Amino acid sequence: MFETLQKATLDKIFVLMAEYAADPRTNKIDLGVGVYKDDKNNTPIMSAVKKAEQRIHDAAKTKTYKGVVGNKEFSSAIVDLALGGVVDSSRIRCVNGAGGTGALMILMYVLGRARPKGNIYISDPSWPNHWPLADNANLTAKTYPYFDPKTRSVDFEAMMKVVDTLTPNDILLLHGCCHNPTGANLTPPQWDRVVASLKKTGAFPLIDLAYLGFGDGIEQDAYGVRKIASSLPECMIAFSASKNFGLYRERTGVAIAIAKDAATADIVSSQMQNVIRGTISQTPDHGAEIVRVILEDKELRKEWEAELDMMRERMKRLRVKLAEAIKRKSNSKDFDFIAEHSGMFSLLGLPGDVVEKLKLADGVYMINDSRINVAGIPEDRVDELADYLIAAAG
């Protein structure tokens, strides 16, 4: 049976993780894997999560299934968090996903049924998983320009030249905030232009919302998704709780579909449930219940928001410190963009041989496209990291 198979390409992030783990150097720096890290280089369990988990443990009486749609109260709380009441609930349908990736899978499968082999436009660059997800869903992946490697900012006019040419049969995949891998994000006026274009062309927006609250705050980060949801008759949103609730291994997400009316929304819901039943049968609930408990409890929500604010401000502080250290040491503004980006990542624009040199010579690990996880910057070694980057880039 297996003789027809060839070895699949391993995800470059997991390859890098294995290389980092095998490196015996004690001074190595991990800027690769996309998880939040604190000042002790740990990925902590948030205190609000621990408290919610204890409550769930103490009250639990069963581990039976929640049903194909999953934890409805969790979904409702996420809709409130992400959309803030800008869309009539009669038009919204949700199912839980196994993480943000699971939510994207469900939504793309439904879109692949609605438009078999239809075009889905993905930003260049984007999160690498977007392409296999689209392929598995019977969609045809295409790209639109997004990042200008010279300015390390959004090449918005080039992006809009493609977006403005889309048709009602096309899908536009957008990062809701905190673009991965670049860290360069659309401004509110730019979101407004995207919405105006989608109104004109009728293209369908699919939003990957994996980092809500990691950029400039929950309300600010939600601008784009709320603008689209409130302005257009249809859209889909894949929400992930991995980063903002620190629930990585719990696989906690929501697939949100907004239709033109309740009857159409019911049809979409039936399709989402059919995808779940035919793939994983039932969705996981532990992480979903944790988030539900936090968001429905006034004090726990306040505690969670304070923790999220701290995490976000720490990443902003690290951005500024690294950019300032490089400027001070090199007398150059070439890396000022690091402080201007937001979210967990920045794309440094370094060539592959420089990235390899940083890994082998200095023990500085980053993805081969030079994406760095800002949260992995050791605050007490910022000057040292700046020296490595200056020497490698020079």
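**Ground rules.** I worked with a predicted model, where local features need pLDDT of at least 70 and side-chain atom pairs count only at pLDDT 80 or more, while totals for chains, interfaces and linings use all residues. I number residues from 1 along each chain as its sequence is written, and side-chain values use heavy atoms, with hydrogens and water left out.

**Overall form.** I started with the secondary structure and found 15 helices and 13 strands; these are DSSP runs numbered from the N terminus, helices being H or I with at least four residues and strands E with at least two. Next came the radius of gyration, taken over C-alpha atoms, with the globule rule of 2.2 Å times the number of residues to the power 0.38. For 394 residues a compact globule would have a value near 21 Å, and the protein agrees with its 21 Å. The C-alpha trace spans about 60 × 55 × 55 Å along its principal axes.

I then looked up burial (buried is under 20% relative accessible area, exposed over 50%, partly exposed in between, with a 1.4 Å probe and protein chains only). Of the 394 residues, 54% count as buried. For contacts (heavy atoms within 4.5 Å), I took those with a separation of 6 or more, and 75% of them come from residues 24 or more positions apart.

**Aromatic pairs.** My rule was ring centres within 6.5 Å for Phe, Tyr and Trp (its six-membered ring), with planes under 30 degrees apart called stacked, over 60 edge-to-face and the rest tilted. The whole structure gave me 6 aromatic pairs. One of them is Tyr 20 with Tyr 365, edge-to-face at 5.2 Å centre to centre and 90° between the planes. This pair links distant parts of the chain, since Tyr 20 is in helix 1 and Tyr 365 in strand 12 (residues 364–365), 345 residues apart. Both Tyr 20 and Tyr 365 are buried.

Tyr 211 and Phe 214 make a tilted pair, 6.5 Å centre to centre and 45° between the planes. Tyr 211 is buried at 7% relative accessibility, and Phe 214 is buried at 1%. I also noted that Tyr 211 and Phe 214 belong to one aromatic cluster with Tyr 36 and Phe 345.

**Salt bridges.** Taking a side-chain nitrogen of Lys or Arg within 4 Å of a carboxyl oxygen of Asp or Glu, I got 24 salt bridges. Arg 55 and Asp 297 form one, with the closest N and O atoms 3.0 Å apart. Arg 55 lies in helix 2 (residues 47–59) and Asp 297 in the loop between helix 11 (286–296) and helix 12 (298–330), 242 residues apart. Arg 55 is partly exposed at 41%, and so is Asp 297 at 22%.

Within helix 12, Arg 301 and Glu 305 are 4 residues apart, about one helical turn; their side chains meet in a salt bridge of 3.0 Å, N to O.

**Surface patch.** Last, I looked for patches (residues with over 30% relative accessible area and no salt bridge; like charges joined within 9 Å, nonpolar side chains of Val, Leu, Ile, Met, Phe, Trp and Tyr within 5 Å). Met 1, Phe 2 and Leu 5 make a nonpolar one of about 450 Å², with areas from the Shrake-Rupley method, a 1.4 Å probe and, for residues, only the protein chains shown as cover. Phe 2 sits in the segment before helix 1 (12–22) and is exposed at 66%.
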